Amino acid sequence: MAYTMISATSFAVTLVLLATISISDAHLSSTFYDSTCPDALTTIRTAIRTAVSKERRMAASLIRLHFHDCFVQGCDASILLDDGTTIQSEKTALPNLNSVRGFQVIDNAKSQVEKVCPGVVSCADIVAVAARDASFAVGGPSWTVKLGRRDSTTASKSFANTDLPLFTDDLQTLISKFTNKGLTAKEMVTLSGAHTIGQAQCFTFRGRIYNNASDIDAGFASTRQRGCPSISSTSNNQKLAALDLVTPNSFDNNYFKNLIQKKGLLQSDQVLFSGGSTDSIVSQYSQNPTAFKSDFAAAMIKMGDIQPLTGSAGIIRSICSAPN
């Protein structure tokens, strides 16, 4: 009897989950703006290409912005909100403070879209499209972005502090944080491959390059030490280094080759290839750039499905940094 009751309950829960997924999928569509704002994607693409052409690093920043948005409250543009009477901005959470960037690029894209069709396109969708366009602009994959997200009126600094991965996280912690968002260990490794572009601040890798006992190539550590002094100071901590020393501005699979050579800049990168369960995935991607790019596109689409606000939920913000 107990078994029957548990089975019935599980079946009911399954139906609820399936219904929820179906509702979400019904609202997210690649053609969402075809009739209401047909020039939206072209307008966003132009703004992103212009920004990346001015600064190649911006491509990595825009991909990361989408990631840091979706991992807190879902893909709802909550990361764009400034502090307010009822809002504690996620921008000041430890994983984001003086680190996440690209806000002005999104603001500009939003401004351009508002000129074409005011009050129609959400900031959350612009962030999602910007990540795709940024990837493609530096030789990475493109993918079909599902659209129809709406913007939140709230942010969560506390969730940003607990849910976002940290550069000090071990492998199991990383896997758990991604699993909590519905992403597999393989998708975690795939998405981490975005570190094939972009830069990191000295304070995030100082402990790794000055720790002789760490799993790091000695020559690589020595090279990195020249640009990251061992003494902590405001200026030293903010010194930047490319996550991929070899091809820092090209979206390729060199990130995974680096890990095999013990040349991952962040500890949270190197743990992906340190004798654990994800070693084989890193090896596969190091040998097959096509598989990596294909899987990256699929993982970004799936990440963009994390708890979107759709239908009558949320709003369409007029400006991305504040509720209407």
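Where is the place of glutamate 187? Glutamate 187 belongs to helix α8, residues 185–192; helices here are DSSP runs of H or I with at least four residues, numbered from the N terminus.

Some background, everyone. This is a predicted model, where local features need pLDDT of at least 70 and side-chain atom pairs count only at pLDDT 80 or more, while totals for chains, interfaces and linings use all residues. Residues are numbered from 1 along each chain as its sequence is written, and side-chain values use heavy atoms, leaving out hydrogens and water.

Back to our glutamate. Glutamate 187 has a relative accessible area of 17%, so it is buried (under 20% is buried, over 50% exposed, and in between partly exposed, with a 1.4 Å probe and protein chains only).

Now for its helix. The axes of α7 (residues 171–179) and α8 come within 9 Å and cross at roughly 100 degrees; axes are lines fitted to C-alpha atoms, for helices over the stretch in contact, with angles from 0 to 180 degrees between N-to-C directions. The two helices are therefore roughly perpendicular, a label for 65 to 115 degrees. On the α7 side, the contact (heavy atoms within 4.5 Å) is made by Leu171, Leu174, Ile175 and Phe178, and on the α8 side by Ala185, Met188 and Leu191.

Finally, some rings. One aromatic cluster is formed by Trp143, Phe251, Tyr255, Phe256, Tyr285, Phe292 and Phe296; rings of Phe, Tyr and Trp (its six-membered ring) pair if their centres lie within 6.5 Å, with planes under 30 degrees apart stacked, over 60 edge-to-face and the rest tilted. Among these residues, phenylalanine 256 is buried at 0% relative accessible area, and tyrosine 285 is buried at 0% too.

Key:
Angles under 35 degrees count as roughly parallel, over 145 as roughly antiparallel, 65 to 115 as roughly perpendicular and the rest as oblique.
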